[in-house]
Protein chains: 2
Amino acid sequence: MRKSSKRKTMRLLDTIERLRAAGLRPTRQRAALAGLLGSEHRHISAESLHREAAKAGVPVSLATVYNTLHQFTEAGLLREVAISAGRSYFDTNTGDHQHFYCEESGELVDIPGNAIVVDGIPGPPKGTAIDRVDVVVRIRRN
Amino acid sequence: MRKSSKRKTMRLLDTIERLRAAGLRPTRQRAALAGLLGSEHRHISAESLHREAAKAGVPVSLATVYNTLHQFTEAGLLREVAISAGRSYFDTNTGDHQHFYCEESGELVDIPGNAIVVDGIPGPPKGTAIDRVDVVVRIRRN
DNA sequence: TCAACAGATTAGAACAATTCTAAAATGAAT
DNA sequence: ATTCATTTTAGAATTGTTCTAATCTGTTGA
Ligand SMILES: [Mn+2]
Ligand SMILES: [Mn+2]
Ligand SMILES: [Zn+2]
Ligand SMILES: [Zn+2]
């Protein structure tokens, strides 16, 4: 067994543990998708992940991709980012951070959470509490 | 001619002027929709405006509602608010301000622009400039 | 080891929001 | 009035997402 193969196996075991810890049965599809999501921070859509899976030779249905993205989000493994109507984006970076968004390219770039400070938020409407503060800095090519 | 009728007529003339100023031909439909949007600040969707028009006895097609909302947005008479994938919201308040958003009720509440201060935004990616900073304060009923 | 079953996956239908098409209507300019 | 570019429209088409109900699979415990 070569080194890279052994590394891959260990990553798979890790992934399976992480799924179990999240209360999700470690199925072939979930493990494969979790593997594709990987360790670096990424912004993906359901369709893009579905294409990626197909390209990687993992035949998983689009319905399962949607199910899995929502389950991962509920489990705190992903975060959903509302950027523009029409398409949902999921973020593998679940920590406190914000985004640059370029309408022209559709690209999403992280802004570290410790950089931005939002001040002066009024008390929320009676009977509600603040859940999260999302900042999207819309940028344009020049 | 009664007072209220005269007021309505003047508002209509105003609306027509404003459409002309925006470079839009003041058609029956555009004037009616602009009238419905009114002067108070509101958050609407295409479908909700379409229903409102129908209820007001103004038969305007859904396609025209979409066209008009986009044209008004382009002309700076409306602003599009990205809140959640799936439905577009338009805002008759085009000034600098932000929003509370309650996922449970779908309600959108204005936060005056002079209240919130966003600090520490990093320089935008090379070759781009900041267009707008959107803040959405997500709230939950408790 | 394997039977049994709850939970997961799937193809495809259904759905909701939006956009497109191309034909008919209309505002503006003669 | 006539003309013509612009606008409106009904309905089809497209897109992203969710639903359905049949099939499959991971887990459990004999
Ligand atoms: Mn969702
Ligand atoms: Mn739009
Ligand atoms: Zn991010
Ligand atoms: Zn607003």
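Here is a chat about a predicted protein–DNA model, its zinc site and its cavities.

Biologist: Hi! What should I know before I look at this model?

Modeller: It is a predicted model, where local features need pLDDT of at least 70, side-chain atom pairs count only at pLDDT 80 or more, and totals for chains, interfaces and linings use all residues. Residues are numbered from 1 along each chain as its sequence is written, chains are lettered from A and ligands numbered from 1 in the order in which they are written, and side-chain values use heavy atoms, with hydrogens and water left out.

Biologist: Thanks! Which residues are the protein donors of the zinc ion (ligand 3)?

Modeller: They are A:His43 (NE2), A:Asp91 (OD), A:His97 (NE2), A:His99 (NE2) and A:Asp110 (OD), lying 2.0 to 2.2 Å from the zinc ion. Donors here are N, O and S atoms within 2.8 Å of the metal (3.2 Å for Na, K and Ca); water is not among the atoms, so sites may look incomplete.

Biologist: And how are those donor residues spaced in sequence?

Modeller: The spacing is H-x47-D-x5-H-x1-H-x10-D. A:His43 lies in strand 1 (residues 43–44) of chain A and A:Asp110 in strand 5 (residues 107–112) of chain A, so this pair ties together parts that are 67 residues apart in sequence. Helices (H or I, at least four residues) and strands (E, at least two) are DSSP runs, numbered from the N terminus.

Biologist: New topic: how many residues surround DNA strand D?

Modeller: There are 22, and the closest are A:Tyr66, A:Gly86, A:Arg87, A:Ser88 and B:Thr27. Sugar and phosphate make up 83% of the atoms of DNA strand D that come within 4 Å of the protein. A residue is near a strand or molecule if one of its heavy atoms lies within 4 Å of it.

Biologist: Which side chain is 2.8 Å from a phosphate oxygen of DNA strand D?

Modeller: A polar side-chain atom of B:Thr64 is at that distance. For A:Arg28, a side-chain N or O atom is 3.0 Å from a phosphate oxygen of DNA strand D. Helix 4 of chain A gives the most to the surface near DNA strand D, with four residues.

Biologist: What about DNA strand C, which residues are closest there?

Modeller: The closest are A:Thr27, A:Gln29, B:Tyr66, B:Arg87 and B:Ser88, among 22 residues that surround DNA strand C. Helix 4 of chain B gives the most to the surface near DNA strand C, with four residues.

Biologist: Last one: how many cavities of 30 Å³ or more are there?

Modeller: The structure holds three. The largest cavity has about 60 Å³ of space. Its lining comes from both chains, with A:Ala82, A:Asp134, A:Val136, A:Arg138, B:Ala82, B:Asp134, B:Val136 and B:Arg138. On a 1 Å grid over the protein atoms alone, a cavity is a set of points where a 1.4 Å probe fits but cannot get out, and lining residues have an atom within 4 Å of a point. Grid points are joined across faces, edges and corners, and a volume is the space filled by probe spheres set on the points.

Note on methods:
A polar contact is a pair of N or O atoms within 3.5 Å; within protein, one must be able to donate a hydrogen and the other to accept it, and residues adjacent in sequence count only if both atoms are side-chain atoms. On a 1 Å grid over the protein atoms alone, a cavity is a set of points where a 1.4 Å probe fits but cannot get out, and a pocket is an open set with protein on both sides within 12 Å along at least five of seven lines; lining residues have an atom within 4 Å of a point.
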